[in-house]
Amino acid sequence: MRIEKTTVSKLKNTDFNNLKFGEVFTDHMFVCDYEDGKWNDPRIVPYKAIQIDPSANVFHYGQAVFEGMKAYKDKSGKIWLFRPTENYRRISISSERLAMPVLSENIFLPALNELLSLDKEWVKPGIGNSLYVRPFIFGSQHCIAASPSKKYKFMIILSPVQSYYSSPIRVLVAEKYSRATNGGVGYAKAAGNYGAQFYPTRLAQEEGYDQIIWTDSKNHEFLEEAGTMNIFIRIEDTLITAPTTDTILDGITRKSIIKLAKDNNINVEVRPISINEIVKAHSSGKLKEIFGSGTAVLVSEISGFGYKGKNYDLKSIKNSYSSTLKSILTKIQYNLTTDPYGWRSEVSAVKV
Ligand SMILES: Cc1ncc(COP(=O)(O)O)c(C=O)c1O
């Protein structure tokens, strides 16, 4: 791997106490090009704008997939990733669905390790602080024929962040718009899935909600997920989450929460859950919690939801499942406890 270091670091001029999510980037980025059936020239270069032909596939047909992960710093200064091989697995699934070439594991993981080792001063210690890692692949061939690109770029950029949502959020249950449909691309982390959510989400925000909880596109009956989070519902002492079908992203936080909940004697049901069941549980007082899970938020408490013009509020409870599970997961991520699952992965430079 070729490494070209920056001559002027932006580190000293960065205000780490006032970071806006995703607006500040570190000194370096990783780039690798796909051409003639091969990934070529993996390199780390100073973070800068890149030149792309206006006819590139990504601008017209949207061949673009990405990942989202975080690097954490422990008290001794070591940097950790959380289940990075899961992100590799998922970007491969996403690439396949978008007819894009699949990266090899021996590009993805060394690239992460090398880049994070170089920019490790950008990871600040302390719970809530992390470096958001954004790997992405897009079609870069100059050609406006509606067919898969023959050239691609795989890149990784890094952005220092603080917690995403600090207070509980309010969500609107989708009744008209859909995020995904059977046979579609909902399970892939395809860029277009996100662009398509912005308009309905903006309408929901104008009504005072933070996000939408998507429902199945056929009858808008069963809960799927939110914009960048999987959803958990607690009815009495049972934690319920939808199975990950072809319309739902297979969240790494979600599967970690399920495992942690089970291992902490919480009854977990992975099954379709309808909005009617939730409304009923709310009126009988059995609905205890709703929360979202995802890399950006980790675990985000939901304080209420809107459905069919009515608002349903949820009281904050002591020793909630969301706060208990968030705390266990945070300790694993920041190396504050043992990791019986082998989820933590220490970052180290491994020049290839
Ligand atoms: C649509 C969607 N659902 C769920 C998640 C949660 O996935 P993960 O826990 O792997 O971050 C994300 C990503 O962050 C997402 O974009």
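**Ligand shell, domain contact and cores**

Sorted by class, the shell around the ligand comes out as 4 nonpolar, 8 polar and 2 charged residues. Here nonpolar stands for Ala, Val, Leu, Ile, Met, Phe, Trp, Tyr, Cys and Pro, charged for Asp, Glu, Lys and Arg, and polar for the others, Gly among them. The model is a predicted one: local features need pLDDT of at least 70 and side-chain atom pairs count only at pLDDT 80 or more, while totals for chains, interfaces and linings use all residues. Residue numbers start from 1 along each chain as its sequence is written.

That shell is made of 14 residues, and the closest to the ligand are Gly 251, Ile 252, Thr 253, Gly 294 and Thr 295. A residue gets onto the list if its C-beta atom, placed from the backbone, lies within 6 Å of the molecule. Two elements, α5 (252-263) and β15 (287-294), each put in at least two residues, and α5 gives the most, with 3. Helices (H or I, at least four residues) and strands (E, at least two) are DSSP runs, numbered from the N terminus.

Zooming out, the protein splits into domain 1 (2-162) and domain 2 (169-333), with bounds that come from an automatic or database domain assignment. The C-alpha centres of domain 1 and domain 2 are 27 Å apart. Their contact draws 20 residues from domain 1 and 12 residues from domain 2; two residues are in contact if their C-beta atoms, placed from the backbone, lie within 7 Å. On the domain 1 side, the elements giving two or more residues are β4 (64-66), β5 (69-73), β6 (79-82) and α2 (84-97). Of these, α2 has the largest share, 6 residues. By class, this side of domain 1 holds 10 nonpolar, 4 polar and 6 charged residues.

Next, the cores. The largest nonpolar core has 42 residues, of which Val 65, Ala 71, Leu 112, Leu 115 and Val 133 touch the most other members. Such a core is a set of buried Ala, Val, Leu, Ile, Met, Phe, Trp, Tyr and Cys residues joined through C-beta atoms within 7 Å. As for burial, a residue is buried if 20 or more other C-beta atoms lie within 10 Å of its own, exposed if 12 or fewer, and partly exposed in between, with C-beta atoms placed from the backbone. Two or more residues of this core come from each of β2 (28-35), β4, β5, β6, α2, α3 (105-118), β7 (130-139) and β8 (152-161). Because domain 1 and domain 2 both give residues to this core, it lies between them. A second, separate core has 41 residues, including Ala 174, Ala 204, Ile 240 and Ile 258. In soluble globular proteins, nonpolar side chains tend to be buried together.

For α3, 14 residues should span 20 Å, and the end C-alpha atoms are 20 Å apart, which agrees. Its buried residues are Phe 108, Ala 111, Leu 112, Asn 113, Glu 114, Leu 115 and Leu 116. Helix α2 also has 14 residues and reaches 20 Å from first to last C-alpha, close to the 20 Å expected. Buried in α2 are Pro 84, Asn 87, Tyr 88, Arg 90, Ile 91, Ser 94 and Ser 95. Just after α2, Ala 99 takes a positive phi of about 55°.

Arg 83, in the loop between β6 and α2, has a positive phi of about 50° although it is not a glycine; Arg 83 counts as buried because 20 C-beta neighbours sit inside 10 Å. Glu 236 likewise is a non-glycine with a positive phi of about 50°, in the loop between β12 (230-235) and β13 (238-241), but Glu 236 has 11 C-beta neighbours inside 10 Å and so counts as exposed. Gln 63, in the loop between α1 (57-60) and β4, is buried, with 24 other C-beta atoms within 10 Å. From Gln 63 to Pro 148 is 85 residues in sequence but 7.6 Å in space, C-alpha to C-alpha.

Key: Expected span 1.5 Å × (residues − 1).
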